[in-house]
Amino acid sequence: MNRASKDIALCGLLCALAVAVMCLGGLIPAATFCCPVLASLALLLARPRVETRLVWAMYAAIAILSLLLSPDKEAAAIFLALGYYPIVLPALERKKPLVRWCAKLALFYAAVSLAYAVLLFVLRPAGLMAEFDEMGRIMAASLLVLGGVVFVLYDAALRVLERRLQMRQKGKRV
């Protein structure tokens with residue numbers, strides 16, 4: 001089996017796993033935010049092993065299939081808005097610390113704002129609309145700030161996982 005076939009097979013398996021994780025989000029209410037994070041780990045696993053264009057294709061496939069198949073459209077929208085983060089992380093890590101964190105947080109807040117704007121004003125799912133009607137502005141702002149804190153933890157976890165994967169890869173080569 002040649003290299004391209006192996007890469008495509010790996011990407012297909014990781015895509016299937018990520019879509020399955022996204023579909024599980026509809027079963028557990030708290031999984032709305034956990035499933036997109038777990039699904040994005042498939043991209044982190046593929047990124048050092050295959051070409052970048054294949055990883056972007058994986059992201060697109062997972063996002064489209066999640067939007068079509070996942071019962072939790074909010075989770076699918078979050079993946080669509082932020083699922084590519086493991087792909088762009090190396091480019092962000094090359095920047096100076098202050099610029100890096102400003103860029104990361106700006107990316108997060110822009111993506112989340114866009115995702116919820118589309119959800120609330122275009123798709124208008126009834127359950128989400130009722131949640132936002134009950135929630136006050138202070139509560140919404142608090143959730144946005146808390147989301148930033150969780151994003152920083154997600155970023156740190158991705159970097160730790162990436163280092164461990166690199167160490168494991170080096171251990172196999174030695």
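**Exercise 1. Work out whether Asp7 is buried or exposed, and find what it touches.**

Step 1: Asp7 has 9% relative accessibility, so it counts as buried. The cut-offs: buried is under 20% relative accessible area, exposed is over 50%, and partly exposed is in between (1.4 Å probe, protein chains only).

Step 2: Asp7 sits in helix α1; helices here are DSSP runs of H or I with at least four residues, numbered from the N terminus.

Step 3: Leaving out residues up to four places away in sequence, Asp7 touches Arg49, Val50 and Leu54. A contact means heavy atoms within 4.5 Å.

A word on the model: it is predicted, so local features need pLDDT of at least 70 and side-chain atom pairs count only at pLDDT 80 or more, while totals for chains, interfaces and linings use all residues. Residues are numbered from 1 along each chain as its sequence is written, and side-chain values use heavy atoms, with hydrogens and water left out.

**Exercise 2. Check the span of helix α3 and find what its buried residues pack against.**

Step 1: Helix α3 covers residues 52-69, which is 18 residues. The expected span is 1.5 Å times one less than the number of residues.

Step 2: Now list the buried residues of α3: Leu54, Val55, Met58, Tyr59, Ile62, Ala63 and Ser66. They pack against α1 (3-24), α2 (31-46), α4 (73-82) and α5 (85-93).

**Exercise 3. Classify two of the nine aromatic pairs: Trp56 with Tyr84, and Phe151 with Tyr154.**

Step 1: Recall the rule. Rings of Phe, Tyr and Trp (its six-membered ring) pair if their centres lie within 6.5 Å; planes under 30 degrees apart are stacked, over 60 edge-to-face, and the rest tilted.

Step 2: The structure holds nine aromatic pairs. For Trp56 and Tyr84, the centres are 6.2 Å apart with 25° between the planes, which is stacked. This pair links distant parts of the chain, 28 residues apart: Trp56 is in helix α3 and Tyr84 in the loop between α4 and α5. Trp56 is partly exposed at 35% relative accessibility, whereas Tyr84 is buried at 15%.

Step 3: For Phe151 and Tyr154, the centres are 6.3 Å apart and the planes at 50°, so the pair is tilted. Both are in helix α8, three residues apart, or about one helical turn.

Step 4: Ring pairs link Phe151 and Tyr154 into a cluster with Tyr85, Phe108 and Tyr109.

Conventions: Helices (H or I, at least four residues) and strands (E, at least two) are DSSP runs, numbered from the N terminus.
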